[in-house]
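Please read it alongside the sequence and the structure shown here.

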Amino acid sequence: MTKTDSTGSTWRYRWAHRQNERRQRAFRAADEAWRRRDDELRRLRTLAVSFHGSAQAGVGLPMELAPGEVVFWTLPAAQLVEVRHLDQGDRRRTSGLLLPTGAVADFRFTLTLAFADAIEQRAAVVAALEELI
């Protein structure tokens, strides 16, 4: 038996049913994205509050840490790059850091956290994360 709406129309029922399913899928996708973002922000806030680097992480690096220095992040796959601009007569170079795509977000956050520590503004980073949450 074919379902109908209150007016007896089957096409209206099918249209309303499709619209309802489409809207529920859109809602579930948006809800899932929101929950992932919330989880990520909470993870970052936890790191910002509790992570303070480690002097032990510097063991084996090709440099010595000064007293009081700590290592925030290491990644063997990171590479320093330098590109020469041939069209420039003043031999200008562009330098940067080449990272695996999956490591970029963590690197940016860790760099932000290390910089905030250096200028004694870690609390501002935590406050910004709490506001986003």
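In this predicted model, Arg 36 and Glu 32 form a salt bridge whose closest N and O atoms are 2.9 Å apart. The two residues are four positions apart in helix H1, so about one helical turn separates them. Arg 36 is partly exposed, at 49% relative accessibility, and Glu 32 is likewise partly exposed, at 48%.

**Other salt bridges**
- The structure holds six salt bridges.
- Arg 42 pairs with Asp 38 at 2.9 Å, N to O, and both residues lie in helix H1, four residues apart.
- Asp 38 is buried, because its relative accessible area of 12% falls under the 20% limit, whereas Arg 42 is partly exposed at 36%.
- Asp 106 and Arg 43 also meet in a salt bridge, at 2.9 Å, N to O.
- This pair links distant parts of the chain, with Asp 106 in helix H2 and Arg 43 in helix H1, 63 residues apart.
- Glu 40 joins Arg 43 and Asp 106 in a network of salt bridges.

**Nonpolar core**
- The largest nonpolar core has 10 residues, among them Leu 41, Ala 48, Phe 72 and Phe 109.
- Helices H1 (10–50), H2 (104–118) and H3 (122–132) each give two or more residues to this core.
- Ala 48 touches residues including Phe 109, Leu 113, Arg 122 and Val 125.

**Largest pocket**
- The largest pocket holds about 460 Å³ of space.
- Among its 19 lining residues, Leu 61, Val 71, Phe 72, Trp 73 and Thr 74 are the closest to its centre.
- The lining comprises 15 nonpolar, three polar and one charged residue.
- H2 gives the most to this lining, with four residues.

Note on methods:
Residues numbered from 1 in each chain as written. Predicted model: local features only at pLDDT ≥ 70, side-chain atom pairs only at ≥ 80, totals over all residues. Heavy atoms only, no water. Core = buried A, V, L, I, M, F, W, Y, C linked by side-chain atoms within 4.5 Å. Buried < 20%, exposed > 50% of the residue type's maximum accessible area, 1.4 Å probe, protein only. Contact = heavy atoms within 4.5 Å. 1 Å grid on protein atoms, 1.4 Å probe; cavity = no way out; pocket = protein on both sides within 12 Å on 5 of 7 lines; lining within 4 Å. Points joined across faces, edges and corners; volume = space filled by probe spheres on them. Nonpolar A, V, L, I, M, F, W, Y, C, P; charged D, E, K, R; others polar. Salt bridge = Lys/Arg side-chain N within 4 Å of Asp/Glu carboxyl O.
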